[in-house]
Amino acid sequence: MVTTVTSLGRSGLHDWVLQRLSAVIMLAYVLYLGYFFATTPEITFTAWQGLFASTFMKVFSFLTLLSVVIHAWIGLWIVSTDYMPKVGIRIAFQAIVIVICLSLIVWGIQILWSL
């Protein structure tokens, strides 16, 4: 079995499972928001603020954000290793993706748990 340092998981199977799990979490989030939109008679700022004021929604939103980042990293890592034969370009691309992913996580924390 081949393992790599830049892969998120320990193996291709681990990455595959992480990508499927992250997709399930993102689907659950979209379905939950769809349910909220369908059952809320009038979407106002107060209703939206009330939804995101709960700890459950903050944690669920953060898990979804982590899922998006994990899903994107695995997908872009696979694409970059398959289609970028020059090591320098691939490493630069992966470094940019890592910076963007970490920035999104920090930004998400600031948005979700700001006062």
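A residue counts as buried when its relative accessible area is under 20%. Phe60, with a relative accessible area of 14%, is therefore buried in this predicted model. Tyr29 passes the test too, because its relative accessibility is 13%.

These two residues also meet as partners. The structure holds nine aromatic pairs, and in one of them the ring centres of Tyr29 and Phe60 lie 5.2 Å apart with their planes at 75 degrees, so the pair is edge-to-face. Because Tyr29 belongs to helix 1 (residues 12-39) and Phe60 to helix 3, the pair ties together parts that are 31 residues apart in sequence. Tyr32 and Phe56 form an edge-to-face pair as well, with 5.7 Å from centre to centre and 70 degrees between the planes. Here Tyr32 sits in helix 1 and Phe56 in helix 3, 24 residues apart. Tyr32 is partly exposed, at 29% relative accessible area. Tyr29, Tyr32, Phe56 and Phe60 together form one aromatic cluster.

We turn now to the nonpolar cores. The largest is made up of ten residues, including Phe62, Trp73, Val97 and Leu112. Helix 3 (55-83) and helix 4 (87-112) each supply at least two of its residues, and the largest share, six residues, comes from helix 3. Another core, of six residues, lies apart from it, with Leu33, Phe36, Leu51 and Met57 among them. Beyond its neighbours within four places in sequence, Phe62 is in contact with Ile105, Ile109, Leu112 and Trp113.

As for confidence, the mean pLDDT of the protein is 91, and 90% of its residues reach 70 or more. Among the elements, helix 4 has the highest mean pLDDT (96) and helix 2 (residues 45-53) the lowest (93).

Technical notes: Residues are numbered from 1 along each chain as its sequence is written. This is a predicted model: local features need pLDDT of at least 70, side-chain atom pairs count only at pLDDT 80 or more; totals for chains, interfaces and linings use all residues. Side-chain values use heavy atoms; hydrogens and water are left out. A nonpolar core is a set of buried Ala, Val, Leu, Ile, Met, Phe, Trp, Tyr and Cys residues joined through side-chain atoms within 4.5 Å. Buried means under 20% relative accessible area, exposed over 50%, partly exposed in between (1.4 Å probe, protein chains only). Helices (H or I, at least four residues) and strands (E, at least two) are DSSP runs, numbered from the N terminus. Contact means heavy atoms within 4.5 Å. pLDDT is the predictor's confidence in each residue, from 0 to 100. Rings of Phe, Tyr and Trp (its six-membered ring) pair if their centres lie within 6.5 Å; planes under 30 degrees apart count as stacked, over 60 as edge-to-face and the rest as tilted.
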